[in-house]
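Student: I have a new structure to read. Where do I begin?
Tutor: Start with the picture, then take one feature at a time.

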Amino acid sequence: MCNGKENGFMKDIKIDKDKLIPCVPTRDLVVFEDMTVNFEVARNSTIKAVKKAMNGDGYVFLIAQKSVAVEEPGIKDLYKNGMLAEVRQVIKTPSGIYRCLVHGISKAKLLELVMIEDCYHASVKIVNKIGRA
């Protein structure tokens, strides 16, 4: 379970290990908690993941690729930790690229990566926040 904000108030989000969340492998982008960022997606698998998130509960797992040159990353091509994020807006540009607005909610560890219907899905475990000294 992790906390997200809804209308400025904290809400509980339950993420079971067995639940598969749409996953977006990112190139040269790392999102942190409480960070809101725009980025573009052009790969078919990534576009499908963002659309599934928007049509579902609104959550997507963002995880950075180790190399930007890899077009179809596997689990070995991704870092172990990523960010559970809320997709706030998706806009299709005239060129066919999608621009996404997301908000980082909680750090999570990648447990499993699977391809379902040409779309990446991830099983994740929420990483507990550690207080600052």
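Student: How do I read the labels for strands and helices?
Tutor: Helices and strands are DSSP runs, numbered from the N terminus. Take D28 as a case: this residue lies in the loop between β3 and β4. D34 lies in the loop between β3 and β4 as well.

Student: How many helices and strands does the chain have?
Tutor: The chain comes to 1 helix and 8 strands. Along the sequence the pattern reads β-β-β-β-α-β-β-β-β.

Student: How far can I trust what I see?
Tutor: This is a predicted model. The predictor gives each residue a confidence from 0 to 100, called pLDDT. Here the chain averages a pLDDT of 87. At least 70 is reached by 83% of the residues.

Student: Where does pLDDT stay under 50?
Tutor: Over residues 5–11. For that stretch the model has 11 contacts beyond four places in sequence.

Student: Is D28 buried or exposed?
Tutor: Exposed means over 50% relative accessible area. D28 is at 74%, so D28 counts as exposed.

Student: And for the chain as a whole, what share counts as buried?
Tutor: Buried means under 20% relative accessible area. Of the 133 residues, 42% count as buried. The surface is about 8,000 Å², with 50% of it supplied by carbon and sulfur atoms.

Student: What tends to be buried together?
Tutor: In soluble globular proteins, nonpolar side chains tend to be buried together. In this structure the largest nonpolar core has 19 residues. V24, F39, V41, V60, L62 and V102 touch the most other members.

Student: Which elements supply at least two residues of this core?
Tutor: They are β4 (36–41), α1 (44–55), β5 (59–64), β6 (81–92) and β7 (98–116). The largest share, 4 residues, comes from α1. There is also a second, separate core of 15 residues, including F61, L84, L110 and L113.

Student: How do I judge contacts across the whole chain?
Tutor: Ask how far apart the partners are in sequence. Count the contacts with a separation of 6 or more: 62% of them join residues 24 or more positions apart.

Student: What about A64?
Tutor: A64 has its place in strand β5. At 14% relative accessibility, A64 counts as buried. Past its sequence neighbours within four places, A64 is in contact with T26, L29, V30, L78 and Y79. A64 and D77 are 13 residues apart in sequence, and 8.9 Å apart from C-alpha to C-alpha.

Student: T26 is on that list. What does its side chain do?
Tutor: A polar atom of the T26 side chain lies 2.7 Å from the backbone oxygen of L29. T26 is found in strand β3 (residues 21–26). Its relative accessibility is 6%, so T26 counts as buried. Apart from neighbours within four places, T26 is in contact with L62, I63, A64 and Q65.

Student: How many disulfides does the structure hold?
Tutor: Check the sulfur distance: a disulfide needs two cysteine sulfur atoms within 2.5 Å. The structure holds 0 disulfides. For C23, the nearest cysteine sulfur is that of C119, 8.6 Å away. For C119, the nearest is that of C23.

Student: Are C23 and C119 buried or exposed?
Tutor: C23 is buried, with a relative accessible area of 0%. C119 also counts as buried, at 0% relative accessibility.

Methods
Residues numbered from 1 in each chain as written. Predicted model: local features only at pLDDT ≥ 70, side-chain atom pairs only at ≥ 80, totals over all residues. Heavy atoms only, no water. Contact = heavy atoms within 4.5 Å. Buried < 20%, exposed > 50% of the residue type's maximum accessible area, 1.4 Å probe, protein only. Polar contact = N/O pair within 3.5 Å; in protein donor to acceptor, adjacent residues only side chain to side chain. Core = buried A, V, L, I, M, F, W, Y, C linked by side-chain atoms within 4.5 Å. Areas by Shrake-Rupley, 256 points an atom, 1.4 Å probe, with all protein chains shown as cover.
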